[in-house]
Amino acid sequence: MQIYKVGGAVRDRLLGRPVTEVDWVVVGASAEQMQALGYRPVGADFPVFLHPQTGEEYALARTERKSGRGYGGFTFYASPDVTLEEDLIRRDLTINAMAEDEQGRLIDPYNGQADLAARTLRHVSPAFAEDPLRVLRVARFAARYAGLGFTVAHETLALMRQLAESDELQALTPERCWKEISRALMEPHPDVFVQVLRDCGALAVLLPEIDALFAAHTGKDTNLLDVLRQCALHEQPLTIRWACLLHSLSKKAVIEAVNARYKVPRDCQELALLVGEFHSHAQRALELGAAELFDLLQHFDIHRRPERFEQFIAACEMIACTYPTPGQDEHPQSAWLRAAADAVRTVGAKTLIAQGYKGAELGEALKRERFKAIEDFVANPH
């Protein structure tokens with residue numbers, strides 16, 4: 001039985017990057033042997049075991065054969081006679097198909113180290129085209145390593161285009177797609193993720209609404225990539241990055257359709273809808289009348305959910321590409337919106353309750369007094 005460190009841990013060590021997770025492959029062992037040594041089985045589709053002390057994952061070397069559509073359409077074969085090279089060849093990219101033995105020696109049968117040096121994302125074998133999820137994964141790796149100069153090999157991009165032109169991408173589950181999309185948006189260059197998907201034709205399949213912005217030649221395409229770059233530069237959370245990705249779609253029904261397609265988490269859904277509807281209001285915040293400004297604040301429930309309003313403001317700053325830098329004055333529209341929200345928050349229920357208001361009358365009185373606070377704010381800004 002031989003144990004090898006494989007995949008990302010080997011890749012990132014060679015790149016001089018922090019190694020956060022280690023995967024292991026076991027060659028020459030059976031499931032029964034692993035359990036006899038105290039490893040705990042966890043894999044349903046193929047034999048994966050947890051180390052009895054470290055809890056790290058150890059997988060038996062395996063091969064795979066295409067047996068259906070989509071990411072899950074594979075039959076796996078794990079046996080003591082499967083070699084390390086046979087296990088590595090089923091992986092997506094050469095830079096992910098390297099291993100180290102227990103003495104730390106590199107095993108690189110598919111020239112991953114050379115592709116690391118050349119800053120190239122290249123598929124290991126033609127079997128790459130059997131797994132549609134790899135389109136998203138390669139685009140995500142491109143977003144992660146673009147800052148190091150990595151690009152997708154032409155022949156790999158051609159296989160990605162082949163997958164995009166088939167019906168394989170439609171076979172991916174919403175959950176798997178969202179996992180890859182959300183992870184990619186949090187990479188250092190999320191704009192590269194979108195660009196690579198567009199280059200191989202996958203954006204038109206997965207996010208046709210976004211792809212249409214590029215096809216329309218409206219200038220929104222360049223703006224969208226700029227906005228995503230701003231989000232990464234200022235380390236915005238996923239909620240803001242997702243809202244910024246969808247902001248140019250504007251129409252509520254279109255944004256709802258994209259959210260539903262990938263079963264997007266509720267916080268991301270809500271912010272995307274609010275940003276899509278109101279980001280143009282924020283850009284002209286200084287011109288809004290009292291009624292329009294009050295209506296905007298009402299939509300954000302600023303009393304119970306102040307953090308959502310702050311995320312909205314941050315998203316609007318990303319869209320305007322005018323995020324304030326340390327030492328500079330705050331974005332004037334942002335300062336105005338925050339001041340307006342503070343003016344409304346000065347009106348509380350306690351005073352009105354003391355005056356005898358209750359029930360529906362209390363709600364109406366609160367609304368009336370808060371609107372008056374906005375009128376005073378607009379008429380006499382501080």
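What follows is a working chat about some helices and salt bridges in a predicted model.

Colleague: Let's start with helix H5, what span should its 13 residues have?
Modeller: Helix H5 covers residues 133–145, and at 1.5 Å a residue it should span 18 Å, while its end C-alpha atoms are 19 Å apart in the model, which agrees with that expectation.

Colleague: And how many of the 13 residues in H5 are buried?
Modeller: Twelve of the 13 are buried, so that H5 is mostly covered. Among the buried residues are Leu133, Val135, Leu136 and Phe141, and the list also includes Arg134, Arg140 and Arg144.

Colleague: Which residues are buried in helix H8?
Modeller: In H8, which runs over residues 190–199, the buried residues are Pro190, Asp191, Phe193, Val194, Val196 and Leu197.

Colleague: What follows H8?
Modeller: Gly201 follows H8, and the phi of Gly201 is positive, near 85°.

Colleague: Switching to charges, how many salt bridges are there in the whole structure?
Modeller: A search of the whole structure finds 26 salt bridges. As a general point, side chains of opposite charge can pair when their charged atoms come close.

Colleague: Which side chain does Arg13 meet in a salt bridge?
Modeller: Arg13 meets Glu100, with 2.5 Å from N to O. This pair links distant parts of the chain, since Arg13 lies in helix H1 (residues 8–15) and Glu100 in strand S8 (residues 99–100), 87 residues apart.

Colleague: Is Glu100 buried or exposed, and why?
Modeller: Glu100 counts as buried because its relative accessibility is 7%, below the 20% cut-off for that label.

Colleague: What about Arg17, which residue does it meet in a salt bridge?
Modeller: The side chain of Arg17 meets that of Asp12, at 3.8 Å from N to O. Arg17 counts as partly exposed at 31% relative accessibility, whereas Asp12 counts as buried at 10%.

Colleague: Which residues are linked with Glu270 and Arg308 in a network of salt bridges?
Modeller: The network of salt bridges links Arg266, Arg305 and Glu307 with Glu270 and Arg308.

Methods: Residues numbered from 1 in each chain as written. Predicted model: local features only at pLDDT ≥ 70, side-chain atom pairs only at ≥ 80, totals over all residues. Heavy atoms only, no water. Helix = DSSP H or I, 4+ residues; strand = E, 2+ residues; numbered from the N terminus. Expected span 1.5 Å × (residues − 1). Buried < 20%, exposed > 50% of the residue type's maximum accessible area, 1.4 Å probe, protein only. Salt bridge = Lys/Arg side-chain N within 4 Å of Asp/Glu carboxyl O.
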